[in-house]
Amino acid sequence: MHFLRNARLLIFRSFSSTKQHSFTESYLINSCGLSPEKALSASRKVHFETPERADSILAVLRDYGFTNTHISKAVSKFPILLTADPEKTLLPKLEFFRSVGFSGPDIVSIVVSSPFILKRSLENHVIPTYNFLKSVVMVDENIFRVFKNPFLMLGQNWQKTIPTNMATLQEIGVPMPNIMFLVTRQPGVVFRNREKFTTSVKKVIEMGFNPLRLSFLKAVQLSCQLNEFTIEHKMETYRRWGLTDDEIMLMFRLDPSCMRPSEKKITSVMDFLVNKMGWEPAAIARCPSVFARSLEKNVIPRCSVVKVLQMKGLVKKDLSLSILAYTEKNFIDRFVDKHGHDVPELLSVYQGKIGISDLSFVCEEIRAKKQL
């Protein structure tokens, strides 16, 4: 009898749970715009049996300019938002943001990017965070950027870690505008504990980076985010293409982000530039920003155009990869439109509609070589 009683209780609880989840999922789909898959995932984190509170939350958000798309994104990231008290938890923070001068779209962007902020204490976290950022002479535009970052909203000890790590950078001569750039763009780096942050800074100094340059902080960021094994693996990938350690370190000093791409991306870029375009690996090392650019949208179209122009003798052979940094308009004006009369197919090459080997003069050269 005891076993049957427990079995009935288990079946009842299971039925109740399924019913509860079904209501929550339906609400997330019909009222918040979540897909069935996302609704199922979110329903594991939040449960409610009636719509009143959730309806109140959505009403407040819509009053502040949130669209259905905004609401869907915020709820997907932080489903517990639907169980917050709209009067005590939600409104005070939204009103605070408005009171310090954030626009409606700014407030929407902050909440969509980091909805966790709406569950943090206004007095103990949100206001102290704003006051601190204001105290380090941050303009409101940069404060807005930092508030969009989830690291800040989830961190507990930022009031200690940020000032300490900022002081570490100031002590070695990093300019304050550069420090503000790091705090604004990559706050997760300065949120790290002092020991790990200091270790990364020392490593970058030992590599020969100049603290006065922005590349110093980019290297610190990379050192914080990638472990030594990962960096060594990337270096080995470059070595396989004939680059020496000195050339790789030159690349790293010029643009630390060259260690960020995957092995596949590095290999694809090197294969195209070395084997198809005929570039020397050492020349590529002098322009490491190439690895941060899209191979399909930037590197291949531009290098293909330049290759054609070199074959026709219209541009010099030793043109550097700095062509990849031109704006699209400048590149088209300087290389495509300027030489369009001499090579009518140039725009089609740039757009990827035809390959270099499809050009008539290239085909003629290939036939002539075969005859020889």
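## The chain overall

Of the 372 residues in the chain, 43% are buried (buried means under 20% relative accessible area, exposed over 50%, and partly exposed in between, with a 1.4 Å probe and protein chains only). This is a predicted model, where local features need pLDDT of at least 70, side-chain atom pairs count only at pLDDT 80 or more, and totals for chains, interfaces and linings use all residues. Residues are numbered from 1 along each chain as its sequence is written, and side-chain values use heavy atoms, with hydrogens and water left out.

The secondary structure comes to 22 helices and zero strands (DSSP runs numbered from the N terminus: H or I of at least four residues for helices, E of at least two for strands). Take the contacts between residues at least 6 apart in sequence, and 68% of them join residues at least 24 apart (a contact is heavy atoms within 4.5 Å).

## The core

The largest nonpolar core has 113 residues (a set of buried Ala, Val, Leu, Ile, Met, Phe, Trp, Tyr and Cys joined through side-chain atoms within 4.5 Å). Helix H19 (residues 295–311) gives the most to this core, with seven residues. Phe102, Phe147 and Leu273 have the most contacts inside the core. Leaving out residues up to four places away in sequence, Phe102 touches a set that includes Tyr130, Asp140, Phe144 and Phe147.

Over in helix H11 (residues 176–185) sits Asn178. Asn178 is buried, at 14% relative accessible area. Beyond residues up to four places away in sequence, Asn178 touches Leu212, Arg213, Leu214 and Leu217.

## Salt bridges

Searching the whole structure turns up eight salt bridges (a side-chain nitrogen of Lys or Arg within 4 Å of a carboxyl oxygen of Asp or Glu). Arg240 and Glu263 pair up at 2.5 Å, N to O. That pair links distant parts of the chain, 23 residues apart: Arg240 is in the loop between helix H15 (228–239) and helix H16 (245–254), while Glu263 is in helix H17 (residues 263–276). Arg240 is partly exposed at 48% relative accessibility, and Glu263 is also partly exposed, at 30%.

Arg239 and Glu232 form another bridge at 2.8 Å, N to O. Asp333 is partly exposed at 35% relative accessibility, whereas Lys329 is exposed at 61%.
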